[in-house]
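Me: I'm new to this one and would like a close look at a single part. Could you walk me through it slowly and then show me what lies around it?

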Amino acid sequence: MSLPFSTPDTTAPDTSTTHTSTPDTDAADIAPAPAAHLAGNFAPVDREITVDRLPVTGSIPPDLDGWYLRNGPNPRAGSAHWFLGDGMLHGVRVRGGRAEWYRNRWVRTGQFDGDPTPLYDPATGERNLAVSHANTHIVAHAGRTLALVESSLPWEVTRDLETLGAYDFGGALRDSMTAHPKICPTTGELHFFGYGNLRAPHVTYHRADETGRLVVEQPVDVPGLTMMHDFAITERYVLFLDLPVVFDLSLAMAGTMPYRWDSGYGARIGVMRRDDPSAPVRWFEIEPCYVFHVANAFDTPGASGAGEADNDVITLVAVRYPTMWVSGPDSFDPDGTLHEWRIDLGAGTVVERALDDRRIEFPRIDDTHAGRRHDAVYAVGRHDLVRYDGAGPLARGFGADEPGEPVFVPSADGRGYLITYVYRAETATSDLVVLDASDLSQLASVHLGVRVPAGFHGNWFPA
Ligand SMILES: [Fe+2]
């Protein structure tokens with residue numbers, strides 16, 4: 001399995017891998033195999049460790065001084081769905097050409113400690129915003145480091161991976177926070193949204209200024225409650241993806257991911273003005289699809305051939321799935337591929353096209369270009385990492401090994417580094433790998449000596 005978003009194969013019969021050839025098979029041998037999201041390198045690790053002074057092959061660039069921290073599900077006692085496991089952070093401290101330590105720590109939410117409070121109050125349908133697995137991403141803004149899952153408040157942690165607690169912006173945030181907030185590289189503002197209310201507003205846009213003070217709270221009018229995992233900003237706009245993976249109460253009651261495909265819902269991109277968030281959001285119908293992850297978006301002012309007041313063209317680049325969860329949230333049926341939507345505000349049209357046909361996920365860019373034209377998109381393919389730029393895709397294969405999301409780190413020479421964990425199939429251990437982002441050549445491989453389970457998103461936090 002190289003690509004967690006596509007490959008937990010839950011269609012395989014549970015008993016296919018468990019029988020031995022011995023005639024006197026004991027009870028353990030005929031136990032059902034674990035679900036795909038709990039098997040192989042998706043299987044959780046059972047303890048927290050710290051390893052100091054890690055061995056390195058190659059050379060860690062001396063200008064790397066900081067922490068690489070990554071989040072992902074690591075259920076203490078099983079989970080109904082890959083997205084629902086208790087969050088565990090895996091971090092490496094890098095300084096002076098050395099990897100000083102690796103450590104893994106669960107995020108100490110109430111749910112980690114066994115609090116049975118449900119996300120939705122069964123009597124009122126209201127959300128309990130402190131109910132969290134905090135398992136999806138980790139970001140920093142205004143001096144705080146936040147572990148995120150889209151259904152709850154952020155959970156503040158330290159760079160050493162200790163949990164501080166739920167963070168609600170001093171009582172100002174009464175909503176969940178997407179796991180994919182965007183920091184504007186020009187203003188330092190944190191843009192995000194929350195979703196999940198059973199009653200409208202299902203989606204609310206929020207903005208914190210560069211000091212971390214919430215300054216905008218703006219409900220977004222959508223026809224229904226859909227799974228809105230990511231969004232986009234440009235220099236002038238905020239984009240919302242209202243796509244046909246809709247809330248299903250019966251799935252919620254069953255305790256699994258409460259969303260499924262609805263072919264009748266339609267699909268649309270919403271465009272909000274950054275300078276006037278309370279102005280009506282303009283919605284543009286698109287071909288139905290699903291998007292977990294946006295690579296980037298940017299606008300080209302005045303590029304529309306039509307219109308007078310609003311004549312910008314917005315380009316959105318993301319990983320598009322033709323459908324998602326048609327037969328429920330355990331099926332990752334189709335492949336996701338890199339795709340572009342060009343939204344012409346003057347003409348009121350959207351033109352979309354595939355940028356490639358290979359299966360990828362976890363697209364990232366140099367985040368100092370967020371919302372502006374980017375140089376390159378980096379993503380995980382099948383046992384490889386892929387760089388997309390104007391010259392066409394460049395792929396670096398890892399054999400049987402499995403790289404995770406490539407995080408871009410600016411470098412002194414302008415080429416940049418990519419950092420990620422790579423699972424080594426032969427030894428069943430993981431390395432922290434540093435690549436030259438410009439040609440994907442490997443600069444260093446830090447041997448953790450332990451396994452980092454397949455997970456979601458991370459970031460580099462410079463010292
Ligand atoms: Fe994500």
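Is aspartate 312 buried or exposed, going by its relative accessibility?

Reply: Happy to. Keep in mind that this is a predicted model. Aspartate 312 counts as buried, because its relative accessibility is 2% and the cut-off for buried is under 20%.

Now look at what its side chain is doing. The side chain of aspartate 312 meets that of arginine 236 in a salt bridge, at 3.3 Å from N to O. The two sit in distant parts of the chain, 76 residues apart. Aspartate 312 is in the loop between S20 and strand S21 (313–321), while arginine 236 is in the loop between S14 and strand S15 (237–242). Arginine 236 is partly exposed, with a relative accessible area of 38%.

From here, let's follow the chain both ways, starting with S20. Strand S20 covers residues 290–300, and histidine 293 lies in it. That histidine takes us to the metal. The iron ion has His180, His229, His293 and His457 as its protein donors, each through NE2, at 2.0 to 2.2 Å. Reading along the sequence, the spacing of these donors is H-x48-H-x63-H-x163-H. Histidine 229 belongs to the loop between strand S13 (214–220) and strand S14 (232–233), so together with histidine 293 it ties together parts that are 64 residues apart in sequence. Histidine 229 is buried at 7% relative accessibility, and histidine 293 is buried at 1%. As for the geometry, the angles among the 4 donor atoms run from 91 to 168°, and the site is irregular.

Glutamate 217 lies in S13, and its side chain meets that of arginine 174 at 3.8 Å, N to O. Arginine 174 is in the loop between strand S9 (163–166) and strand S10 (182–183), so this pair ties together parts that are 43 residues apart in sequence. Here arginine 174 is exposed, with a relative accessible area of 61%, and glutamate 217 is partly exposed at 45%.

Strand S21 runs antiparallel to S22, and 8 bridges join them. If you want a spot to check by eye, find threonine 315, which stands opposite arginine 342 in S22. S22 itself is largely enclosed by the rest of the structure, because 7 of its 8 residues are buried. S22 also runs antiparallel to strand S23 (residues 349–354), with 6 bridges joining the two. On that side, histidine 339 stands opposite alanine 354 in S23. S22 and S23 form a hairpin with 4 residues between the strands, and glycine 348 takes a positive phi near 70° there.

The loop between S21 and S22 is worth a stop too. Aspartate 335 lies in that loop and arginine 382 lies in the loop between S25 and strand S26 (384–388), so the pair ties together parts that are 47 residues apart in sequence. Their side chains meet in a salt bridge at 3.2 Å, N to O. Arginine 382 is partly exposed at 47% relative accessibility, and aspartate 335 is partly exposed at 32%.

S24, S25, S26 and S27 make up an open sheet of 4 strands, in the order S24-S25-S26-S27, with antiparallel pairing. Its edge strands are S24 (361–364) and S27 (394–397), each pairing on one side only. From one strand to the next, the twist averages 20°. S24 is joined to S25 (residues 377–380) by 2 bridges, and glutamate 361 stands opposite valine 380 in S25.

To put the salt bridges in context, a search of the whole structure finds 29 of them. Beyond the pairs above, Glu189, Arg207 and Arg274 are linked in a network of salt bridges. Disulfides are another matter, as the count comes to 0. Among the cysteines, cysteine 184 is buried, with a relative accessible area of 6%, and cysteine 289 is buried at 0%.

Key
Residues are numbered from 1 along each chain as its sequence is written. This is a predicted model: local features need pLDDT of at least 70, side-chain atom pairs count only at pLDDT 80 or more; totals for chains, interfaces and linings use all residues. Side-chain values use heavy atoms; hydrogens and water are left out. Donors are N, O and S atoms within 2.8 Å of the metal (3.2 Å for Na, K and Ca); water is not among the atoms, so sites may look incomplete. Four donors count as tetrahedral if all angles lie between 85 and 135 degrees; four count as square planar and six as octahedral if opposite donors are over 155 degrees apart and all others between 65 and 115; anything else is irregular. Buried means under 20% relative accessible area, exposed over 50%, partly exposed in between (1.4 Å probe, protein chains only). Two strands pair if DSSP finds at least two bridges between them. Axes are lines fitted to C-alpha atoms, for helices over the stretch in contact, and angles run from 0 to 180 degrees between N-to-C directions. A salt bridge is a side-chain nitrogen of Lys or Arg within 4 Å of a carboxyl oxygen of Asp or Glu. A disulfide is a pair of cysteine sulfur atoms within 2.5 Å.
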